[in-house]
Amino acid sequence: GIETIFPYKDKLFIGSNRGMYIYDISNASAPKELSQYQHLRACDPVVVNDDYAFVTLRTGSFCAGTANVLEVVDIKDPTKPTLFKRYQMQNPHGLALSGDVLYLCEGDYGFKSFNIKDVSIIQANLFEHLPTLNSTDVIAGPQSLLVIGKDGVTQYDYTDKTKLKLLSRISIN
C-alpha cells in the first residue's frame, strides 16, 4: 500500500495506506527503520522539510479513506513523529514543497498553494486557489511546477510564490 517515497537528506519517508514510515538511509545499502506514524486507512502522499512532514489523507479512493485532511507531523525527532495539527481539506491528493510554500492538489476541487512558514496557521495563509484546475499530483522542479490531473498536464512558472503563471498545457481528451 505504498503511495509515496520521499528522500530527504539522510532519511527516507514512505507514505502508505496505513501510515508514514521513516528510515535512516545514511548507509544506503542498509536502511534502518526509525519509526512509524500510524493513521486511519487512507492514501498517504508525504513531503517533508527539516521539522515537519506534510501528509494528505482522502476519501473516495481505493485506499478506503474516511477523512479529507492535511496532517502536519512534527519530525524534529524522527524516532518519535507526532501529530502537530490537522487541517480539513476538500479531497487532497498529491503535494509538493518548495521552500516555505506547500502546493496541494484537491482533485476535482482544484489546486492550492499555502505559506507554511508558520505551520500552526496554514489554512489562514492560502496564497492561491485554482478551483477549476483538476489536480491529482504535482512536481516542483527547479524552475517550474508540473500539475497533473484528469484533464492533462499543466506547467507553471512559480517564481512569484503567491501567483502562479501559466506556461503550457497538454490536454487529454
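This is a predicted model: local features need pLDDT of at least 70, side-chain atom pairs count only at pLDDT 80 or more; totals for chains, interfaces and linings use all residues.
Biologist: Which of the lining residues lie nearest the centre of the largest pocket?

Modeller: Those are F6, V47, L95, D137 and V138.

Biologist: And which strands each supply at least two residues of that lining?

Modeller: There are four names to look up in the structure: β1 (2-8), β5 (46-48), β9 (95-98) and β13 (137-140).

Biologist: Let's turn to charged pairs. How many salt bridges does the count come to?

Modeller: To read one, look for a side-chain nitrogen of Lys or Arg within 4 Å of a carboxyl oxygen of Asp or Glu. By this rule the count comes to seven. One of them joins E71 and R86, with the closest N and O atoms 2.4 Å apart. E71 lies in strand β7 and R86 in strand β8 (residues 82-88), so this pair ties together parts that are 15 residues apart in sequence.

Biologist: Is E71 buried or exposed?

Modeller: Buried means under 20% relative accessible area. E71 has 1%, so E71 is buried.

Biologist: Which residue forms a salt bridge with D74?

Modeller: That is K76, and the closest N and O atoms of the pair are 3.0 Å apart. The backbone nitrogen of K76 also lies 2.8 Å from a polar atom of the D74 side chain. D74 sits in strand β7 (residues 69-74).

Biologist: Why does D74 count as buried?

Modeller: D74 counts as buried because its relative accessibility is 16%, and the cut-off is under 20%. K76, at 47%, counts as partly exposed. Leaving aside residues up to four places away in sequence, D74 touches D51, Y52, K80, P81, T82 and F84.

Biologist: What about D108: which residue forms a salt bridge with D108?

Modeller: K150 does, with the closest N and O atoms 3.2 Å apart. D108 is in the loop between β10 (101-105) and β11 (111-115), and K150 is in the loop between β14 (144-149) and β15 (152-157), so the pair ties together parts that are 42 residues apart in sequence. D108 is exposed, with a relative accessible area of 54%, and K150 counts as exposed at 56%.

Methods: Residues are numbered from 1 along each chain as its sequence is written. Side-chain values use heavy atoms; hydrogens and water are left out. On a 1 Å grid over the protein atoms alone, a cavity is a set of points where a 1.4 Å probe fits but cannot get out, and a pocket is an open set with protein on both sides within 12 Å along at least five of seven lines; lining residues have an atom within 4 Å of a point. Buried means under 20% relative accessible area, exposed over 50%, partly exposed in between (1.4 Å probe, protein chains only). A polar contact is a pair of N or O atoms within 3.5 Å; within protein, one must be able to donate a hydrogen and the other to accept it, and residues adjacent in sequence count only if both atoms are side-chain atoms. Contact means heavy atoms within 4.5 Å.
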